[in-house]
Structures are given as structure tokens and as C-alpha cells.
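Student: I have a structure open and would like to learn how to read a few of its features. Where do we start?

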Amino acid sequence: MATLSDLVILLLGALLALGFYNKDRLLGSSSSSASTTTSGSSAATANGSKPTDSNGNGNAFKGDPRDFVARMKDQKKRLAVFYGSQTGTAEEYATRIAKEAKSRFGVSSLVCDIEEYDFEKLDQVPEDCAIVFCMATYGEGEPTDNAVQFIEMISQDDPEFSEGSTLDGLKYVVFGLGNKTYEQYNVVGRQLDARLTALGATRVGERGEGDDDKSMEEDYLAWKDDMFAALATTLSFEEGASGETPDFVVTEVPNHPIEKVFQGELSSRALLGSKGVHDAKNPYASPVLACRELFTGGDRNCIHLEFDITGSGITYQTGDHVAVWPSNPDVEVERLLAVLGLTSPEKRRMIIQVVSLDPTLAKVPFPTPTTYDAVFRHYLDISAVASRQTLAVLAKYAPSEQAAEFLTRLGTDKQAYHTEVVGGHLRLAEVLQLAAGNDITVMPTAENTTVWNIPFDHVVSDVSRLQPRFYSISSSPKLHPNSIHVTAVILKYESQATDRHPARWVFGLGTNYLLNVKQAANNETTPMISDGQDDVPEHVSAPKYTLEGPRGSYKHDDQLFKVPIHVRRSTFRLPTSPKIPVIMIGPGTGVAPFRGFIQERIALARRSIAKNGPDALADWAPIYLFYGSRDEQDFLYAEEWPAYEAELQGKFKIHVAFSRSGPRKPDGSKIYVQDLLWDQKEVIKSAIVEKRASVYICGDGRNMSKDVEQKLAAMLAESKNGSAAVEGAAEVKSLKERSRLLMDVWS
């Protein structure tokens, strides 16, 4: 914890930096204000705003902390931007809207987590202000966890606001975030828009909708300009009223006590090692008890890991998700350090303090003080595809005219960006290297990488925060109360080749981090650089991660590694009674939660038999699992299912489809899980219609889940003597509404 003297020194440093870069305006000089970059750090003014600490404690609002209207008036905010976010994406876009409103119009905004405020005074928003809602749709049409209370309140027949139940005069903007592979695409944003209109509010511009299955970024860019134009007209904003201003002051503080420097920890609790709840701000460094390969052949990997939660206070239920916090691979950390000229040991370990000039607009996305290396290794998502908007902004810092032209073209030409950057899965540092004429296929170093003099506050502002990766838990606490099991197929695919670079292997961040853990724990080799042949330059292959973690806290002894995790609750639950039939459809790693379901039934069966004798399961309903994989080599947990069938005395039945090596249909086409389901349609239809079975679908949301729903609709339509498109679809919808059809799918 920082001492008073530490805070005073940091605040004085920030104020001196502001004074220096404001000296021309303060002294009445007619010359343009200077912005200097020194050693990768920058400091500048923000229209006279007072700097505050990273927690936003400066210029604190003295009123009710949940009264956003009073805060807007007190701090002269024309916009309040609320986000309903599950993984951080909606929060990112909320911040982007606020930043662009500031840069375009000089308008200050309040960026708010929607659960931190009350909305009874929504009818008191001043006429010259507007409310922006960035609302993600989570799961199958559900609001995000932090938006549940607001959605429930606004959806009431007669919501109680401070002066009645209408919102006449309120002006609002909606940007929804969703995924078209889900049936309930962007339903939260759409329903909120309709509800606000019904209550008398007026939408400014068209409702925006971003599709995460294709390009959320392009959807946002296509929507925002018309929205801002409508906002300017409605609220009389003046275009060009503000020049470019930074969001943060970055100051190097080389003499700061090292024990008070964040080196990858996510909170003060983690830094100090204090006890408390393990959550997104304080994940638990869980020892890896076991890890093994599940595929028995081929060129793909799927790994099974077991996380030890003994003594952590973490609990979970069958069907929950575990969040894994990966770090960035070494090669990408080195790449961005090289691009910014920070590769020397002194620079990469340099301690920096990052201060927000307006915490209501832009919060520092990681705890400080920290180091340049830690920022890139643990805090920012430098492995993500570069944003088109960011490329356009950074063109001004190009080291050559050719580099500036290349970046400008990618930032303004949608098709060129999609072909070169999206198709090539190019990260920000890779794009900057290509623009400067560097070879991105070799290990980046200070010698082979051109330096870009980009102020570090731009990097903090423009690169998204690194988020955890979520995995369905594949165990039951009834059998494994002290461990959490994960089943993860390793993401690896080939990018598109372009004129500037060849096709390359692209490695998923989270799963390859876990693969590194498995390889290190089992003393397997993890190559980072291939041994290039005489006529082939050496190139980056499988990524290598620094697994020791901050201060070596993720490694114990030689081969015991820890992974930072926390648990996210789910509604994917078994019926409490074993007398209700259960139908599970989960090809590939979609089988993960169903392994947990079966383990839960095994634990219940053991207790029942111990209490009531060997015939205790006689009146239990059947459990059906429809599982699919490519071939026998990919058959996950193949050795476990027969033992489960035997212990559940035939109440559990598994049906397996091998799409590549298994039998074919009469027309020669492949057999998938939906075909297995159809083969058993009389049994399944009876279980659903007559015995009120619960149905679960887990896995691919782009194709599989839709195909399964179509089969369910077709068989249920037969029971109604109707069509799949009408009566069948209505029955499937009814199952969902009654929580008898639950889905855990992803694209």
C-alpha cells in the first residue's frame, strides 16, 4: 500500500508534467502547444482537467454515489454512457463512444457500470444531455450479470421514476452487442430500445448492433458516424470543438519501492497476498494437479487439466464456467517492446505510473505503478487483431511516409483492412512492423525492428484490456470437491496469405497458454523458433509463455505450476430429481459439462444405493448423451463412459457419431449428432412430451446447435400434427421459456 509521501510525490510529478506541457498556454504564447515523448512515456494536458489517481479519487463527487443525474450536473457531463458487459467488450465500446464525443465535440461524458447506479431519476436527465446504453446480450437472450437489475426495473409495467412512470423528454442512444449464431441476437439492446420508446423517451439516431460472429469493429464503425451526426444535431454539439487530448499521464518513477509495483497482479489484494473472495479482480493461483493429452493421434491437441482449489474458498456447481487468466506469449511481448524501443533490460523493467486525467471517462485499465513489460505481458490484449480505428490514429507517428500511407490505407479502406489485417490475423505490433518494412516471420529484436515514437498513453488508450477465457467445467463437486476439471481443444489455424506476408499459423491465446502449462508440467518441449533450413528463414512457430507469473508466484518446485482462475456461475443445471429424463447433445468439447452431469448422477447413485440398497435406481429416468467427433482418435474420455454406464445400471446411454471414420448415410453424407437424435426420435419425443425431459445442448453455436434445434422442432411438430416451422418452432421456444431446453454454445 502506497504511503502518503509516495502519493504526494506522484501527484506532484503529474502536476509538474501537466504544467510543463501547458506552459505555452499558461504563459500566453501564440505558438502551438508541445507534446514530447521521452523514453516511451508521455504527459500532456486535457483542457485543464486535474489529474487524479488511477482509482479516480481526485475531484471526487460528494453526493449520493448512486445518483448519476446529480453527478452529471455536478461534473458538467453532457453524456452518461452505461454499459452492460459480461466480458469487457461492451465496456470497451462505451469508453470509445465517450472518447470520440470528447475528441469531436469537446463534450465530457460519464462512463458507468450500469449496476453501480440507480435509475429512479432517469426522468430528470437535463434536456441538453443524453444517455447512451452499450448493452451486450449474454447466453440465450439474457442480460449480462451487471445489467439484470436495471433490465428488471425498466421492464416493469409501471416503473417508478422520481416524477411518475414515463420518460418524456429523455434522449437516448443504444448500441447492442450480440452474436448472430445465437437465436436471440441482440435481444437485450432491441428490447431496451423498444421499452424506452414505449415509456416516452426519444432515440437519437438509429440503434446500433454489433455482431461478434463476424466483425463487431466494422459494425461499430459503420454505425457511429451517423449516430454522432444525429447527436450533434439533437444536442447542438459543435464539431471540432476540441482538439486531440490524451486520456492518461504516463510518468516513469524509477525509484519506486519494487515491493509496491504491480508485476501482473490484478489488484492490491493480490499484490499484498491478503485473504478474500477470489473473483475477476483477485483470481486464485491454482496449482495444476494433473494435465494430459486426450486425443490419441492426429495433428490436433485437446488437453484435460485439473485445478486444485483446496483451501481457496472457491466453490462451484456442476455446469459452471471457470475463468482462466492467460498471459501474452513471449514473442508478442518482445514484438511490441521492440516496436516501441523498449527492449533493453532497463527500459522493459522501468516502473511507470499511469494516471487518468478524467476517471469518469477513462479508467486506467490495470493497477499501477507497474512496468512496461508487465503491461504487455499481463494487462493489455496485444495478441488481438489490430483495430482499424487504432491504425488510422497511429498513422501520424509513422517512421516514414510509406509507413504512414500504408497505415492510413488500412485505417480508411475497409476491404484492404479486412484482407490484410483480419484475414492475416495481424496484431497491432505486426501491422506496425509490416508498415515499416520489417519481416514479421522472424523473432523480433531491436536490431530487426523499426522503432515507432508512439506516446505510451496512446497504447494504454487504444489497446483493449486482457480478459479471461471461460471454459465449461467438466467435473462435479460431488465427486471432486477440491478440484475443477477443464477440457480444452487447442485453437490453431492458418491465416490467409497476402502480398506482404505468407500464410502463418495462428494460435489461440488461452488454449495455447494451457498447452504450455501442460507441456512444462510434463517436461515436454515447447519450441518457439523452428530450426530454419538453408533456404527458409527461421520463423516463429508454437508460442512460448513465461509461466512463472508475477514474482515467480505461479511456479512451485520444478514442475508444479499454478494458473490464475475464478468461477463464473451458470444456469446450466441438471433437474434436481433423477426421475426426470435428461437428454444431452454435445459434440467435441461440448461434452465437457455433460461429463460433470454424469459425475453428479454417479455421486447421487452411490448415496442412494448406500441408503436404499442395490435397487435404489430402479425408478430413475434414463439419461441420454449424443456425442460426436471426427474419429476414434478424438473420442474424448472414451475410457470413462462404459464405467459410468455400468455404475448407473443402464440408466445412462451414450450414442456416438464419428463424422469422418464412422458409417455414412445411404446417400454417402456424414452422420452427425443431430442425425443420431433423429434416429432415436420416438424415444426422445416421448421423453420430452410425455415425461417432461430436460434437454441440454453444448458446443458449436454456428451450425450444430441450430441443426439440433431443427431436428427437435421437426419431431415435436409430429406430436402436434403440425409443421416444424410453426408448431415445432413454438414447442422449442416453449421448452426454452420453461428452462427445459438449456444451451451453452459458442461460435
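Predicted model: local features only at pLDDT ≥ 70, side-chain atom pairs only at ≥ 80, totals over all residues.

Student: What percentage of the residues count as buried?

Tutor: Buried means under 20% relative accessible area, exposed over 50%, and partly exposed in between (1.4 Å probe, protein chains only). Of the 747 residues here, 55% count as buried.

Student: Is Leu192 buried or exposed?

Tutor: Leu192 counts as buried because its relative accessibility is 2%. This residue lies in helix α6, residues 187-198; helices are DSSP runs of H or I with at least four residues, strands are runs of E with at least two, and both are numbered from the N terminus.

Student: Which residues does Leu192 touch?

Tutor: A contact means heavy atoms within 4.5 Å. Leaving aside residues up to four places away in sequence, Leu192 touches Phe133, Met135, Phe150 and Ile154. Leu192 and Ile154 are 38 residues apart in sequence, with 8.0 Å between their C-alpha atoms.

Student: Where does Asp145 lie?

Tutor: Asp145 is in the loop between β6 (142-143) and α5 (148-154). Asp145 is partly exposed, because its relative accessible area is 49%.

How values were computed
Residues numbered from 1 in each chain as written. Heavy atoms only, no water.
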